[in-house]
Structure formats: structure tokens, C-alpha cells
Amino acid sequence: MKRVVITGMGIYSCLGNGLDEVKESLYNGKSGIVFDPERKAMGFRSALTAKLAVPDLKKELSRNQRVYMPEQAKYAYVATSEALKNAKIDQDYLDSHEVGLLYGNDSSAEPVYRSIQTMMETKDTTRIGSGGIFQSMNSTVTMNLACIFKLKGINLTVSGACASGSHAIGLGALLIRNGLQDMVVCGGAQEVNPFAVGSFDGISAFSTREDDPEKASRPFDRDRDGLVPGGGAATVIIEEYESAVKRGAPIIAEILGYGFSSNGDHISVPNVDGPSRSLRMAIREAGIEIREIGYVNAHATSTPVGDRNEAKAIYNVFGDYRPEVTSTKAMTGHEMWMAGASEIIYSMLMMKNDFIAPNINFENPDEDSAKLNIPAQRVSKHFDTFLSNSFGFGGTNSTLIVRNL
């Protein structure tokens, strides 16, 4: 089986625009969560959200290109541009090779709302415009990126709820391992507008700790009361090892294992068995001992049941071996379709810079989180291998194991 390496990464996040800004935020435990008055005016129970501006791409893309791009596709363009530059890939290379594209996305709510609003108000479907079609489709991110960067390999959106970005990377690695692609652009994107998450608010999924937004997202903490929505985009360039060496690529890390499972249970309440099987599969596929894993980036979204069951799953697999376990969602909120990709980048930034970002707001463990090694303060540590979990509605689970190179 061929080896799969990561040669580039890029990110547009509430922690910063680009790798350098994000690394500083992680190092300093800086939260990107704010109170949004617009959401309160719309009737949201919780007006908490991650804060990030939609990038202005007028100087980079033509109007004809921009008209097809919803918010999350713009985030993905910025992240992918940085990742390609980071990997030392120019347009000539993309034009002359079959580079694939797998990107996680599971909604495009605002364009759908705008199109319906226009249709109802004007009684004229022609007023919706051609952009409305391509912005509203779930595959909007991959169709835009593939056309802008002229990608000629696989072109597919991975729609797996909050595991979408992780599955995109794992599936890309499988294609490369089996010789079907030499390079795949992988990632995840999430829209941040209120139309995308109103239904989550309606089922009381969000924290209502509005008086102190930066302390609202509390993964693993006994007093957590729900997640905070976030978003943006994250891109990694994954490549077959020999191909990367041949072109003199800057090899960052190697994808050792991809595990996956389905809970086969409740549509929204996670269990312990499914995540446990995903972790064990990733470790088995990586061919490593558990004690080689120096850090675990948990999925933990700050929901009572979800965090508890993940803590149980991690303990089931790791037992008395207690590597540091943190959830970067304490700072970013839940980046949903993006999270599985962004958390690979967050973890790689930590690994490359010898630190583990704090699980901020972790003040009081509960019975299950007390069994894990969850640091509330930044840890100075060198580690060469990490594991990252991503779980989603419908019981879809994804686990990735990455090693430093």
C-alpha cells in the first residue's frame, strides 16, 4: 500500500485568517466566540456564535466566478489558496496533473432561503438568478473549487454531518493508498450565517451562557450546557509519498490510519460502542501501539451526553494510558462540517510547535472526564503522533491518526 503524506495546509477560522494567526490563538488559548445581537432579534434562544468575516474576493476572482459562491465556498477558496501555496503547488502543476478534490460540506442554507424569499416576494423565478442554483447545492464547495483551480481528478462532496471534513481526508487517503490518485485536495467548510443553525437552536442544542460568550463552550466540563456554532474552512493537500519526494514537496506529516463506524442507533444521541470501534480501527490500520499516540484531539462539542460518551470511548480504548486529551472546540465552538479538517490542522500546528493548546473553560470534571488527562492550561510537549475524532448526527464516526515527518 502506498504511503500518504500531508504537504500543505490552509485555514480560515474564527481563530485567525491563516496558519500563523491560528497558531498564535491556539498557543494563547484565545476564544473566537461572541454574542450576536442579530440572532437575538431573530428569536434565537442563544445568540452565541463564532465570529469571522466573509472574505472579499473582488481582487482575486472575477464577478462570474464569485456569483456562484456562497459564504462557505469563499472560506474554502481562501483556505485552499493558502494550502496550495504552502505545498508549493502552482497553477501549471494543477493544469498538468490529475489532482483530486474531496471536501466536506453538509448544508447551504442561506442561498436556499434567499432564493425562496425572492421567488415568494416577486412571483418570478427568473429573479432568483443562475447563481442561486450553484450556491444552494450541497456540492457547492467542490463545484466552485474544481472550476476555479481547474482540478481534473475526483470531484466529490463528502456529506457526513459533523464528521464530513474528517471523512474527506480519510477517503482521500484511501484513494491514494490504492493508487487511484497521486494528490487530493481535502477539507471541510461550514457556513456561519444564522439560517444554517436555527433548527439546532430550536432543539436546545446551544449553550445559553450569553453573559460570558468566551466561557460558553466547555467541552468535558461538568457544567457544560450545549455547543456553540462556528465555521469557516480548512484545507489539507494530501499526496502519495514518492510523488511528493519526486517534486521536492515540503512533507509535513503522514496519515497513518483512518477508522470509521456507524453507531446504528439513535439519530442524534451518540453511543459509546460506535466511537470505540472507530478509534480501534484507526489504531489497527495505523499499525502502531497506543502508547505511540502523544495527543488526542477529541470531538467533544460541549454537550452533556456527547462529551460523556466520548470520554467513555476514549477510556475504553486507552485504558490506564493517559495522553493529553483536549477539544479545541472550547475556543472555536463547533465548526460542524469543517471541524474534522480544521482539527487536523490545529493538531498539526501544535505538533510542529511542541505544545498542546489548553482545553479552556475546563474547571470541574465529571465522573467520565475525570478519567482522562485533560489540561486546562497550555502544555509544553513534544509529540510525534496524534489521533483526532469526529462524530456526526446519524451516528457517523471518523478517526484519523497522523504522524510527524
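The model contains one cavity of 30 Å³ or more. A cavity here is a set of points on a 1 Å grid over the protein atoms alone where a 1.4 Å probe fits but cannot get out. The largest cavity holds about 50 Å³ of space, a volume being the space filled by probe spheres set on the points, which are joined across faces, edges and corners.

The model is predicted: local features need pLDDT of at least 70, side-chain atom pairs count only at pLDDT 80 or more, and totals for chains, interfaces and linings use all residues. Residues are numbered from 1 along each chain as its sequence is written, and side-chain values use heavy atoms, with hydrogens and water left out.

## Cavity lining

Residues lining the largest cavity include Ile314, Tyr315, Phe318, Arg322 and Lys371; a lining residue has an atom within 4 Å of a point. Helix 13 (residues 304–318) contributes the most to this lining, with three residues. Helices are DSSP runs of H or I of at least four residues, and strands are runs of E of at least two, numbered from the N terminus.

## Cysteines

No disulfide (a pair of cysteine sulfur atoms within 2.5 Å) is found in the whole structure. For cysteine 14, the nearest cysteine sulfur belongs to cysteine 162, 15 Å away. Cysteine 186 lies too far for a bond, because its sulfur is 18 Å from the closest cysteine sulfur, in cysteine 147.

## Annotated domain

An unreviewed UniProt entry lists residues 1–404 as "domain: Ketosynthase family 3 (KS3)". Over residues 1–404, the chain is 35% helix and 20% strand.

Methods:
UniProt positions are given in the numbering used here, feature names are shortened, and annotations may be inferred rather than shown by experiment. On a 1 Å grid over the protein atoms alone, a cavity is a set of points where a 1.4 Å probe fits but cannot get out, and a pocket is an open set with protein on both sides within 12 Å along at least five of seven lines; lining residues have an atom within 4 Å of a point.
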